[in-house]
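Here is a set of questions about how the terms used for a structure follow from its values. Each reply sets a value against its cut-off and concludes.

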Amino acid sequence: MSDSTRKLNHVVIVPCSGIGKTYGTVSREAAYDVVEELRPDRSKLVALSMLVLGDEQARASVATNLVVTIDGCKLACATKMVQESGGQVARDFAVLDVYRNHRQFKPRGIAVLNEGGQQLARVLAEEIATVVDDVTDPSPEGGQNA
Amino acid sequence: MPELPKKKVGIVACSGEELPEGTVTRLAALKVLEELRPADTVTICLPLFLAGGEGDRAFARFYPTIALDGCEERCAARATEMYSGTPAASFVVSDLLADNGWEPIYGCRKLNDAGMQAVADTAELMAHTVDELLGKAWSRRSGSFIEPETATEPQDAIEATCACGSGIPVQEVFIEGQNVTLIALSVIFQQFHDAGKIPSDDTADELFDMVKIYNPIPDGSDKTYTEILLREYSNFCHKEEVAQ
């Protein structure tokens, strides 16, 4: 496999860190779904607050891996901060767009999501997992950042 | 006085998703905002200090702010200070755990019982701090507390809000060779216009007196600021007339 097509072994997930709106909570739940349940071996979470502060380890993590961002509102803090930190965004998800495509899952609640919110997060997480599959090598020895 | 946001306490939580203590900050902040002091508090997402506009970056100067961090990295406190203003108070959950002998907490996504107790205790501590901060007068001009004998700001409270995207009203004005960000200028102009004040030397002096309540004016620059405020107000009034 050439360098240009060789796949990574990890994707970094950076969700919105918002605490004031439901969509922020959905973004966080989706991120946890991916890194804890769906693709725990091929994804890792980086906290947005660490990027805001310019933490070297967080910046290095986004700079050396493909990143999936999940934004809770149109201000797109997660995507902007990853780009500011020198990261390459493989795919930027907006919770509102996902909701538009799955209006049967209406999210409510901030501290605790309702059932609709949890289902919306799951749908989003599955879409993210597909991206993870596309850009990572599932074999234990594979990946250029192994 | 223009109808600016009333005095509240700003809360900035690190919200760190990688640590249980980050989840404590998020839930404790939310508890204060929604349950304990909804009329007295407002929040902003930490990343907006960089990803947002000047209005977002004015947050901690406009509101006395409590920074709540999960760990010793102190992302919320340090980033707030770097990009917005010095927090009026700050807490670190890992320190609170150690200092108070709380049980170890687990679960980034779903906290254990000790974690939920930490949320409740941290929220109570913050609510108490909110009360203390509201008892002091905060200068939006300098971003610091005013000594009691010169305190003049009202302490009215309105409903709680998330400040994301709304920001503080700010405007950039070119003064003495540089762009200067002035807080509340558009609101002040609108109020003057609504009151029927036409651009004049008297109005310019009034504008200057109002603007300097919210903005620091460099020594020796009063005349320059007054002239430029009159020019900007004339432009504002012209645009209003065209729009009508």
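Q: This is a predicted model. How many residues of domain 1 of chain B are in contact with domain 2 of chain B, and what makes them count as in contact?
A: Seven residues of domain 1 of chain B touch nine residues of domain 2 of chain B. They count because contact means heavy atoms within 4.5 Å.

Q: Where do the two domains of chain B run, and how far apart are their C-alpha centres?
A: The domain assignment gives domain 1 as 9-150 and domain 2 as 169-243. The C-alpha centres of these two domains of chain B lie 34 Å apart.

Q: What is buried between domain 1 of chain B and domain 2 of chain B, and which elements of domain 1 take part?
A: The buried area is about 720 Å², and carbon and sulfur atoms give 63% of it. On the side of domain 1 of chain B that touches domain 2, helix 3 (54-57) and helix 4 (59-62) of chain B are the elements that give two or more residues.

Q: Why do C71(B) and C75(B) get their accessibility labels?
A: Buried means under 20% relative accessible area, and partly exposed lies between that and 50%. C71(B) has 23%, so C71(B) is partly exposed. C75(B) has 4%, so C75(B) is buried.

Q: What does the interface between chain A and chain B consist of?
A: 28 residues of chain A are in contact with 31 residues of chain B. The area buried between the two chains is about 2600 Å², with 67% of it from carbon and sulfur atoms. I19(A), V52(A) and L53(A) supply 28% of the area that chain A buries against chain B, more than any other three residues.

Q: How many polar links join chain A and chain B, and which element of chain A gives the most residues to the side that touches chain B?
A: Between chain A and chain B there are five salt bridges. The rule also finds eight residue pairs in polar contact, both at pLDDT 80 or more. Helix 1 (22-38), helix 2 (48-53) and helix 4 (77-84) of chain A each give two or more residues to the side that touches chain B. Helix 1 of chain A gives the most, with six residues.

Q: Why is the pair R109(B) and D33(A) called a salt bridge?
A: The rule asks for a side-chain nitrogen of Lys or Arg within 4 Å of a carboxyl oxygen of Asp or Glu. The closest N and O atoms of R109(B) and D33(A) are 2.4 Å apart, so the pair qualifies.

Q: What surrounds D33(A), and is D33(A) buried or exposed?
A: D33(A) sits in helix 1 of chain A. At 5% relative accessibility, D33(A) counts as buried. Leaving aside neighbours within four places in sequence, D33(A) is in contact with L38(A), A121(A), R122(A), A125(A) and R109(B). D33(A) is also part of a network of salt bridges with E29(A), E36(A), E37(A), R122(A), E126(A) and R109(B).

Q: Why does the salt bridge of R28(A) and E17(B) join two chains?
A: The side chains meet at 3.8 Å, N to O. R28(A) lies in helix 1 of chain A and E17(B) in the loop between strand 1 (9-13) and helix 1 (20-36) of chain B, so the pair joins two chains. Both R28(A) and E17(B) are buried.

Q: What separates D97(A) from R100(A) along helix 5 of chain A?
A: D97(A) and R100(A) are three residues apart in helix 5 (residues 95-101) of chain A, about one helical turn. Their side chains meet in a salt bridge at 3.0 Å, N to O. D97(A) is partly exposed at 39% relative accessibility, and R100(A) is partly exposed at 45%.

Notes: Residues are numbered from 1 along each chain as its sequence is written. Chains are lettered from A and ligands numbered from 1 in the order in which they are written. This is a predicted model: local features need pLDDT of at least 70, side-chain atom pairs count only at pLDDT 80 or more; totals for chains, interfaces and linings use all residues. Side-chain values use heavy atoms; hydrogens and water are left out. Buried means under 20% relative accessible area, exposed over 50%, partly exposed in between (1.4 Å probe, protein chains only). Domain bounds come from an automatic or database domain assignment. Buried area is the accessible area (1.4 Å probe) that two parts lose on being put together, summed over both. Helices (H or I, at least four residues) and strands (E, at least two) are DSSP runs, numbered from the N terminus. A polar contact is a pair of N or O atoms within 3.5 Å; within protein, one must be able to donate a hydrogen and the other to accept it, and residues adjacent in sequence count only if both atoms are side-chain atoms.
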